[in-house]
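User: Hi! I'm new to protein structures and would like to learn how to read one. Could we go through a few features together?

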Amino acid sequence: MSRAEATKARILQAATEEFAAYGIAGARVDRIAKAASANKNLIYVYFCNKDGLFDAVFDAHLGRGLDLVPFTPDDLPDYAGRLFDHYQEHPEVLRLATWHRLERGTALETDPAVAEPARMDKLASLEAVRKDQRGTPGFAPATLLTLVLAIASAWSPTNAASMPATSVLTSNPAACRSAIVEAVRRLL
């Protein structure tokens, strides 16, 4: 890795922590530069501005990052469980998504950076599975995907409806995961 690539990686890591903690408006470029041990001007060279830096962080964690959890339209309970695992290992993902929705004023589901092509591929896969199944059609793909994603993030600190995450998750995260998998299984 070149020196420039290493510096850029440190900036992205520091920016991830800053944006997850403070959002776009509350994040400070000078704190990011200090945490990354980088010259503040390099942030502007690499990312143009704070919004460009947030976009790079957001894309890394929600665009490409969720590709780390392979989508299995024919086994949505397992997918929900693996998403839960990913969120536990990377709590910044849901925090960044929440800040994006709050400060950008658009739902992730309608953001072209996220929706195309990843979300559309998921919806097409769900539609294909639905067509292969006999009997009742169940939920429309967009509704089903929304419900699965909501269930997978049920114990996230960003979910205002959940019980305090620290008491439930720290006492028995395996039970939380099992409940998520079972809830999606029953949903289907």
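Predicted model: local features only at pLDDT ≥ 70, side-chain atom pairs only at ≥ 80, totals over all residues.

User: Where does Ala27 lie, and with which residues is it in contact, leaving aside neighbours within four places in sequence?

Analyst: Ala27 sits in the loop between helix H1 (3-26) and H2. Beyond those sequence neighbours, Ala27 is in contact with Glu18, Phe19, Tyr22 and Lys50.

User: How do H1 and H4 cross?

Analyst: Look at the angle between the axes. Those of H1 and H4 come within 9 Å and cross at roughly 105°. Angles of 65 to 115 degrees count as roughly perpendicular, and the two helices are therefore roughly perpendicular to each other. On the H1 side, the contact includes Ile11, Leu12 and Phe19, while H4 contributes residues including Leu53, Phe54 and Val57. By type, the residues of this contact divide into 10 nonpolar, two polar and two charged.

User: Which residues have the most contacts inside the largest nonpolar core?

Analyst: Here is the general idea: in soluble globular proteins, nonpolar side chains tend to be buried together. In this model, the largest nonpolar core has 41 residues, and those with the most contacts inside it are Ile11, Phe19, Ile32, Ile43, Leu53 and Leu76. Take Ile11 as a case: leaving aside neighbours within four places in sequence, its contacts include Ile32, Ile43 and Leu53.

User: What is the phi of Ser37?

Analyst: As background, most residues other than glycine have a negative phi. Ser37 is not a glycine, yet its phi is positive, near 50°. This residue is found in the loop between helix H2 (29-36) and helix H3 (40-47), and its relative accessibility of 60% makes it exposed. Cys48 also has a positive phi, of about 75°, without being a glycine. Its place is in the loop between H3 and helix H4 (50-63).

User: How many disulfides does the structure hold?

Analyst: A disulfide is a covalent bond between the sulfur atoms of two cysteines. This structure holds zero disulfides.

Note on methods: Residues numbered from 1 in each chain as written. Heavy atoms only, no water. Disulfide = S-S within 2.5 Å. Helix = DSSP H or I, 4+ residues; strand = E, 2+ residues; numbered from the N terminus. Buried < 20%, exposed > 50% of the residue type's maximum accessible area, 1.4 Å probe, protein only. Contact = heavy atoms within 4.5 Å. Core = buried A, V, L, I, M, F, W, Y, C linked by side-chain atoms within 4.5 Å. Axes fitted to C-alpha atoms, helices over the stretch in contact; angles between N-to-C directions. Parallel < 35°, antiparallel > 145°, perpendicular 65-115°, else oblique. Nonpolar A, V, L, I, M, F, W, Y, C, P; charged D, E, K, R; others polar.
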